[in-house]
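Please have a look at the structure first.

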Amino acid sequence: MPPLAQHLQDLRPQLVQQAVYALTRGEAVRPMLEVEVLRFFERLIDAVESGSPDWLQGLMRDWVAARPLSEGRERQTFIPILHTLRSATWEVLSTALPADDALRAILTLEGFFAGTSLHLSSLESEARLMETESKLNQGQARVERLEKSKSDFIAVAAHELRTPLTLIQGYAALLGDDVPADVAPHVQVLLAGLANATQRLHEIVEDMMDVSLIDNDMLDLHYELTDLRWLLMQAFTEAQQHLEGRQLTLNFEVAETLETHADATRLYQVFQNLLSNAIKFTPDGGAIVVRSRDLPGFVEITVADTGIGIAPENQERIFQRFVPVGDVTHHSTGKTKFKGGGMGLGLPIARGIAEGHGGALWVESPGYDEAACPGSIFHIVLPKRAQPPPDKTPKLFELFAGDDWATRLPKAR
Ligand code: ADP
């Protein structure tokens, strides 16, 4: 046995005692700790005897593996413990051995301690990385479960609401038909209120149905040759009629010919939503412009307003379901009222429809500012189709996955 290993063997009881004392600072000794410290010094002797640090490295692996991360707590490092064991060793060796021997021993052991320390920190980093990865995976799975139950809830709630709502609408209509012409005026007002409220509720339930169809990739598009200019003009005229006293200028700058195969009803829904939002979020005195652009293989339609704009951090959030942006106390059901809120389903549905067509929908805005009104431009791009797509529309822009393909387009006017 090399002299150093022999020294360590002889001094083993003192080494263990000194190390345990240093680790516990004189407090009651935990038997497990003493066993572990003894094991450490046995491995150190084995390592010195064989000249191989593997003995200590194996022990470090056991240490790291034996301390799994407890929920919500950071993994603790064993590095300070290793340092304490090293200092205890130096102390025992320098008091028990002649100065020369102690120095030689310390120099040799330093190599073992340094190597072990390095190995330990790499093991710990690896363990931490694995824990972070598994926490991320768990988080991801939780988010997916949550999204799924949100989507299931919307589907079930919409289905369940639909039937009684249809009955209420039917009874309200019957009631309206049955009232005599000379009924008291306030009854007419009540009936009109009932009809309006049920209609609004019907629209909400329809939105919920649409969102659940889009969520489940079940949006059924009925393609036909569609005159987009005509469709836009209809939505535009309807918006003009519903300005309800708002002082806004609406301009229409759409190309004479703008045709493609598309689902006209669904696209009308998109245009209605974009126009109604532009009206809602533009203060009186502002302007809204609908434009079109012919691009190679695509048509682009933009709805620009001089409204309050959208903060950069919200420019993607507004396309998520039920994500409120701004002050929820503004939640009124007005479709044109300035800053009138809603359920936050309009844009997610609109994007779902655009993407269902193989197109895209996004917004550009310098930011949110109710005083300066920087405005927003909503872009919708649709593929030009000479005929309906063969089967389910491929997501055209998946071709450019990972590429900010919108930047390929020429800049909007
Ligand atoms: P909602 O029915 O609640 O208006 P949308 O999905 O249509 O739902 O819009 C979501 C949110 O996006 C709005 O509440 C608003 O904060 C913001 N937004 C939409 N269009 C505009 C716009 N033209 N200008 C400013 N903000 C807008």
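Predicted model: local features only at pLDDT ≥ 70, side-chain atom pairs only at ≥ 80, totals over all residues.

Residues are numbered from 1 along each chain as its sequence is written, and side-chain values use heavy atoms, with hydrogens and water left out.

Around the ligand there are 19 residues, the closest being N277, D305, G342, G344 and L347, where a residue is near if one of its heavy atoms lies within 4 Å of the molecule. A polar side-chain atom of N277 is 2.8 Å from an oxygen atom of the ligand, and a polar side-chain atom of D305 is 2.8 Å from a nitrogen atom of the ligand. From L347, by contrast, a backbone N or O atom lies 2.7 Å from a ligand oxygen. The ligand taken alone exposes 540 Å², of which the protein buries 91%, with areas from the Shrake-Rupley method and a 1.4 Å probe.

Which elements give two or more residues to this shell? They are α8 (264–280), α9 (346–356) and β7 (376–383), and α8 gives the most, with four residues; helices here are DSSP runs of H or I with at least four residues, and strands are runs of E with at least two, numbered from the N terminus.

Finally, L174 has its place in helix α5, residues 99–178.

How values were computed:
Polar contact = N/O pair within 3.5 Å; in protein donor to acceptor, adjacent residues only side chain to side chain.
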